[in-house]
Amino acid sequence: MENVIQMNDVSKSFKEFQLQNMSFSIKKGFVTGFIGANGSGKTTILKMLLNLIKPDSGQISIFGLDLQKHEKEIKERIGVVFDENILFESMSIHEIKKIIAPAYGGWEESDFQYYLDKFELPQKQSINKFSKGMKMKASLAFALSHQAELLLMDEPTAGLDPTFRREFLQLLRELMLDENKSILFSSHITTDMDRIADYITFIDQGAHVFTKEFYQIEKEFAVVRGNIELLDQDTEREFLSIEKSNSSFEALTNQVLNVENLFGEEVLIEKASLEDIMYFTKRRRAHA
Ligand SMILES: Nc1ncnc2c1ncn2[C@@H]1O[C@H](COP(=O)(O)OP(=O)(O)OP(=O)(O)O)[C@@H](O)[C@H]1O
């Protein structure tokens, strides 16, 4: 299967934060959800994919092209929606379009008008009078109107009301009918991922934890609850992270079969949510 993004051994050091030897790929033709706790490095990576932050070492290719050598060509083919607003706030949509549209060879005015209508956005009002949701919709309208093959979105659903969030996810699903399109989007709302993501890329404290197919995660991880007396040095090895109280424990495992064989009916085994996986990964780090 073809990759749309390939990160090879990418590192970046800020004063108080390091991205360490990041290597992962994002599959072409799919939606990948990008998850990680606050400050884990998601925005930094998304900015690196736009060459707004340059790696100290390592290599990034997008559409099979080296980002440093083919930046302009690559960026023409990317649509961007960022949480922090990168539109010019004192201008109207009409004014911004005059700057942005000529910059893209693939600009489709009819698509742009379609999205402005669909999102009910005024064209002549300055953006700083827009609500947060309207600004996000405006960013989206621009991102979707130049035939981008890759959409990079940093928390695109933040600030959207539940109804529009659903419509937005439905819109992404419609876009994905075109198998040449790929989406990488970060969100703290993990239920958005449940609705739309084919793959999940999970990072933690500047390190890549995994990139897996969503259904694989559901098969692989489970939360186990049981009596504390079931735990000893040997049985604890089956768990990635354990939370203990006086009488019981709750733990994350990626060895579901082993746990079933070991404990049988004595424990409760439930599918792990993305939130469970993120929570227990953080706990594991804190107790390492
Ligand atoms: N230009 C910079 N200079 C110094 N430190 C930076 C810079 N940009 C980001 N950082 C640091 O890098 C770390 C990762 O930040 P980043 O915004 O990538 O995380 P994130 O996963 O997107 O977080 P959130 O979910 O809260 O948006 C943070 O500790 C941040 O302070």
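How many nonpolar, polar and charged residues does the shell around the ligand hold? The legends below begin with this point and then turn to other parts of the predicted model.

**Figure 1. The shell of residues around the ligand.** The shell divides into 2 nonpolar, 7 polar and 2 charged residues. Its members are Phe14, Lys15, Phe17, Gly36, Asn38, Gly39, Ser40, Gly41, Lys42, Thr43 and Thr44. Helix α1, which covers residues 42–49, gives the most to this shell, with 3 residues.

**Figure 2. The open sheet that contains strands β1 and β2.** This open sheet has 4 strands in the order β2-β1-β4-β5, with antiparallel pairing. Strands β2 and β5 (65–66) are the edge strands, and each pairs on one side only. In general, the strands of a sheet pair through backbone hydrogen bonds, in either a parallel or an antiparallel sense. Strand β1 and strand β4 (residues 57–62) are joined by 5 bridges in the antiparallel sense. Within this pairing, Gln6 has Ser61 of β4 as its bridge partner.

Figure 3. Most residues other than glycine have a negative phi. Asp9, although not a glycine, has a positive phi of about 55°. The residue belongs to strand β1 (residues 3–14). Asn21 is likewise a residue other than glycine with a positive phi, here near 40°, and is found in strand β2 (residues 17–27). Are these residues buried or exposed? Asp9 is exposed because 12 other C-beta atoms lie within 10 Å, and a residue with 12 or fewer such neighbours is classed as exposed. Asn21 has 15 C-beta neighbours inside 10 Å and therefore counts as partly exposed.

Figure 4. Gly226 is located in strand β11, which covers residues 222–227. Which residues does Gly226 touch, leaving aside those up to four places away in sequence? The contacts of Gly226 are Ser248, Phe249, Phe263, Glu266, Val267 and Leu268. For one of these, Glu266, the C-alpha atom is separated from that of Gly226 by 6.8 Å, although the two residues are 40 residues apart along the chain. Gly226 counts as partly exposed because it has 18 C-beta neighbours inside 10 Å, whereas a buried residue needs 20 or more.

**Figure 5. The contact between domain 1 and domain 2.** The domain assignment of the protein chain gives domain 1 (3–217) and domain 2 (221–286). The C-alpha centres of domain 1 and domain 2 lie 35 Å apart. To the contact, domain 1 contributes 9 residues and domain 2 contributes 8 residues. On the side of domain 1 that touches domain 2, the elements giving two or more residues are α7 (190–196) and β9 (199–204). The residues on this side of domain 1 divide into 6 nonpolar, 2 polar and 1 charged.

**Figure 6. The protein chain as the setting for the close-up views.** The secondary structure of the chain comes to 10 helices and 14 strands. Taken along the principal axes, the C-alpha atoms fill a box of roughly 70 × 40 × 35 Å. Of the 288 residues in the protein chain, 34% are buried. Among contacts between residues at least 6 apart in sequence, 68% join residues at least 24 apart.

Conventions: Residues are numbered from 1 along each chain as its sequence is written. This is a predicted model: local features need pLDDT of at least 70, side-chain atom pairs count only at pLDDT 80 or more; totals for chains, interfaces and linings use all residues. A residue is near a molecule or strand if its C-beta atom, placed from the backbone, lies within 6 Å of it. Ala, Val, Leu, Ile, Met, Phe, Trp, Tyr, Cys and Pro count as nonpolar, Asp, Glu, Lys and Arg as charged, and the others, Gly among them, as polar. Domain bounds come from an automatic or database domain assignment. Two residues are in contact if their C-beta atoms, placed from the backbone, lie within 7 Å. Two strands pair if DSSP finds at least two bridges between them.
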